[in-house]
Amino acid sequence: MHQRHDLLIAGTHVISMDPAIGDVPRADILVRDGEIIEVSPHTGDRELDDVQVIEAAGTITLPGFVDTHWHLWNSLLRGTVGDRPGTDYFTVKRALAPHFELDDFYWAARLGLAEAVNGGITTVHNFDHNVRGPRDADANIQAHLDSGLRGRFSYGPPDSAPADRTNDLDDLARLRARWTHDHLDGRLGFGVALRGPYRTPPEVYEREWETARSLGLPITMHCDRCLREEGCRSCGLVRLEQLGLLGEDVQVIHAVHADENDIGALARTRTRVSLSPLTEMRTMGFPLLTELLEAGVQVSLSLDTLAMPTSADILGHLRAIISVEAARTGSPLITPRRLLQLATIDGAKDLGLQDTIGSVTPGKRADLVILRSSDINLVPSGDPVEALVYTGHIDNIDTVIADGRVLKRHGRLVPADGESDPVVMAAARRDALLRRAAAAGDWCRPADPFRSCSDSATTAEKGSLR
């Protein structure tokens with residue numbers, strides 16, 4: 001575990017995301033025991049012998065980014081998903097998911113969370129839709145704690161579970177007994193990932209909703225009905241409203257095919273929506289950001305998966321979103337500052353953490369990202385907010401702090417003492433995973449990038465890794 005130190009971030013330009021504080025062009029941020037104690041104008045004459053000073057002239061400091069929907073378990077699948085026949089995301093996921101071992105879950109999560117740190121993401125909602133047993137859940141939880149990041153673990157079913165099989169509701173009830181508040185370091189909460197009425201029958205989804213709500217656990221579900229129903233023109237959310245399945249405790253993912261009635265149901269029930277714009281545009285359609293915001297729906301942003309493949313370059317994602325919305329709707333709602341809000345305080349609100357993180361505010365936890373504003377792609381600059389969204393990128397991130405612990409410094413990840421490298425470990429686990437799947441006849445890699453496995457000449461080819 002990374003050690004926490006008291007810190008003074010000196011002389012930085014703060015974009016606080018707190019209306020009461022605003023932007024402070026030259027500020028000092030004092031952090032003690034992981035809590036933001038003070039945000040004040042920089043004086044240059046402070047003498048605090050008991051803190052580590054981060055000299056931050058020429059930088060911009062933001063609250064850490066919040067990702068509200070990430071399938072960490074399939075981080076190992078990056079590089080196997082592509083555009084060749086038979087390598088689409090769902091085909092690859094279903095082929096490889098049964099071959100995951102316990103250490104694969106741990107190191108897949110560690111890889112994703114290391115990339116999160118690198119990209120300035122300090123909170124991750126782990127939507128785990130391949131929990132095959134309690135030990136798989138525990139491996140994900142331990143990985144999250146070992147990473148130093150904050151977040152939520154949402155307990156889902158095994159990948160491709162039969163429609164008539166519920167989540168492991170007995171273990172869901174036992175989870176809190178295994179993982180007490182002290183074990184979780186105050187950084188991780190729990191939720192439940194459900195499939196809903198378009199993928200499971202009433203005897204399943206009714207029991208799952210009842211159990212989740214009796215345990216006080218927030219619910220998350222994909223709104224992807226139109227991926228399965230030919231001629232689909234809506235997400236069917238009005239039906240969910242009528243069934244009593246929407247509400248402030250529910251987060252809906254994607255909702256790309258939502259019509260006006262669906263959006264109305266979300267707004268009336270105060271249901272939250274997490275958009276994953278890059279994966280949505282790749283496989284589903286345009287995210288309905290403008291329409292949701294105009295209706296007053298609580299929206300946040302997410303990466304979805306590294307397998308698609310994508311990367312944790314949040315600023316690059318924001319730049320794509322603002323360009324798409326300018327072309328698609330031209331809405332004046334979609335500004336650089338509004339997008340930074342979606343990636344920070346609105347993400348915190350989605351996860352119920354707005355009193356803990358999401359802004360640079362005294363009394364909140366110190367989840368912070370510091371970027372070099374003197375890098376070539378950010379100068380000359382007028383409005384730092386516009387500069388970050390229009391021209392910023394992941395290489396500008398100098399320092400990442402989560403709960404007062406420095407996880408990235410001078411542009412490089414800071415490993416904990418004695419910690420194995422998540423990148424090295426994940427690569428080894430991924431290679432072993434593919435070998436196991438190939439030996440079972442569930443995976444192959446065509447020698448010709450324009451051919452699928454089904455086109456391969458021999459059975460031997462199907463079982464080999466080239």
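Helices (H or I, at least four residues) and strands (E, at least two) are DSSP runs, numbered from the N terminus. The model examined here is predicted, so local features need pLDDT of at least 70 and side-chain atom pairs count only at pLDDT 80 or more, while totals for chains, interfaces and linings use all residues. Residues are numbered from 1 along each chain as its sequence is written, and side-chain values use heavy atoms, with hydrogens and water left out.

A cavity is a set of points, on a 1 Å grid over the protein atoms alone, where a 1.4 Å probe fits but cannot get out; its lining residues have an atom within 4 Å of a point. Points are joined across faces, edges and corners, and the volume is the space filled by probe spheres set on them. Two cavities of 30 Å³ or more were found.

The largest cavity has a volume of about 100 Å³. Its lining includes Phe-65, Asp-67, Pro-277 and His-317. Strand S6 (65-70) and helix H11 (314-328) each give two or more residues to this lining, and H11 gives the most, with four. By class (Ala, Val, Leu, Ile, Met, Phe, Trp, Tyr, Cys and Pro nonpolar; Asp, Glu, Lys and Arg charged; the others, Gly among them, polar), the lining has nine nonpolar, two polar and one charged residue.

The second largest cavity has a volume of about 70 Å³. Among the residues lining this cavity are Arg-195, Tyr-198, Cys-223 and Asp-224. Strand S10 (219-223) and helix H7 (237-242) each supply two or more lining residues, with the largest share, three, coming from S10. Here the classes are six nonpolar, one polar and five charged.

Technical notes:
On a 1 Å grid over the protein atoms alone, a cavity is a set of points where a 1.4 Å probe fits but cannot get out, and a pocket is an open set with protein on both sides within 12 Å along at least five of seven lines; lining residues have an atom within 4 Å of a point.
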